[in-house]
Amino acid sequence: MIIGCPKEIKVQEYRVGLTPANVQSYVEAGHTVYIEHNAGTEIGFTDDAYQAAGAILTDKSTLFARSEMIIKVKEPIECEYNYFRENQILYTYLHLAADKSLTNMLLERKVQSIAYETIRTPSGLPCLAPMSAIAGRLATLEAAKFIQKTFGGTGVLLSGTAGTPKAKVVILGAGVVGLNAAQIAMGIGADVTILDINTARLAYIDQIFGMQIKTLTSSRGNILSLLPDADVIIGAVLIPGAKAPHLLRKTDLKLMKKGAVLVDVAIDQGGCFETSKATTHNDPIYELDGVIHYCVANMPGCVARTSTLGLTDSTLEFGLKIAALGVKDACLSDPALLQGLNTYNGKCTFKGVSDAFDLEYTEPQLALK
């Protein structure tokens, strides 16, 4: 198969869909790989390294025109839409439930799209987990920064010091993001409470942290009870492939301290706070009703080398299978990939996306026949 990896063009996005080592794996498997010039230069993956691995360097237009499968990191943005053509394979993060225009483009152009974030194995979401872990850790670190008075925060040190109170950090969701956010928050020395609807998961959190973190069942009442004292709230709720639920309403901000910080890690899926709107690393925060909002849509992009290595280690196995078999046979032979299929031949094949936009849903097995 002919594979293309373009340079990411979102603001402050330096990750790349393939490393030179990945290219070598594809080439050794008999595939042709095109890499856009300077796709990984910013994070130390030079054009020379790609060429040495067997890649062909080219410009974006030529890459898209010649490639049967496009491997990216982030979902295409509007200026990239016209590059795609019928039956081209797109393998990347998509987050379609929060992006109607991209969904429409993929359906209209009959692109075969597989989303990293909805590939599911019995043990979880292998292509999402590395970025979730990084985003969770960054969530606490960014909160520690933007709660500083110089950014409009309350001026509280998360750890406190001897004789002063620790900051109260509330984490909504105990999945991979929440667990990693809690790990860093506890390590810093904050007073941490984590909420989830899954009591078995809370028991697990309780166990691995040696009961040093407070756990609560996630309910509207419990969330509201924590708001007045919270210095930081991290939204870490995920419904794979579907729009995130709003756990905080605009009116709830009135219950919070002035200068408290909200970090919405679910912003790629629409955000789990009603007042969230996507921001960038160039302009990461905004204030609303006295509360600081951090809603950067590509959080792991600021640690792009670590993120690229973590991501591509998890996506390579599935990408090689798609390249060897094509989307149809790869998905029919691998249940994990079948769940990753979001659009095929003009049909929406992921229920969370069809529900978000009231689209006709086609079972992926039926779409592939």
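Asn 38 is placed in the loop between β2 (32-36) and α2 (47-53); helices (H or I, at least four residues) and strands (E, at least two) are DSSP runs, numbered from the N terminus. The model is predicted, and local features need pLDDT of at least 70, side-chain atom pairs count only at pLDDT 80 or more, while totals for chains, interfaces and linings use all residues. Residues are numbered from 1 along each chain as its sequence is written, and side-chain values use heavy atoms, with hydrogens and water left out.

Although Asn 38 is not a glycine, it has a positive phi of about 65°. Asn 38 is partly exposed, at a relative accessible area of 37%; buried means under 20% relative accessible area, exposed over 50%, and partly exposed in between (1.4 Å probe, protein chains only). A positive phi, near 50°, also occurs at Asn 345, a residue other than glycine. Asn 345 belongs to the loop between β14 (341-344) and β15 (347-348) and is partly exposed, with a relative accessible area of 33%.

The aromatic rings come next. A pair of aromatic rings is described by the distance of the centres and the angle of the planes. Rings of Phe, Tyr and Trp (its six-membered ring) pair if their centres lie within 6.5 Å; planes under 30 degrees apart count as stacked, over 60 as edge-to-face and the rest as tilted. By this rule there are six aromatic pairs. Phe 146 and Phe 151 form an edge-to-face pair, 4.8 Å centre to centre with 70° between the planes. Phe 146 is buried, at 4% relative accessible area, whereas Phe 151 is partly exposed, at 32%. Phe 146 also pairs with Tyr 294 in a tilted arrangement, 5.7 Å centre to centre and 35° between the planes. Because Phe 146 lies in helix α5 (residues 129-146) and Tyr 294 in strand β13 (residues 291-294), this pair ties together parts that are 148 residues apart in sequence. Tyr 294 is buried, at 2% relative accessibility. Elsewhere, ring pairs link Phe 64, Tyr 83 and Phe 84 into a cluster.

Helix α5 also meets another helix. The axes of α5 and helix α9 (residues 304-333) come within 8 Å and cross at roughly 155°; axes are lines fitted to C-alpha atoms, for helices over the stretch in contact, and angles run from 0 to 180 degrees between N-to-C directions. Helix α5 is therefore roughly antiparallel to α9, a term for angles over 145 degrees, while those under 35 count as roughly parallel, 65 to 115 as roughly perpendicular and the rest as oblique.
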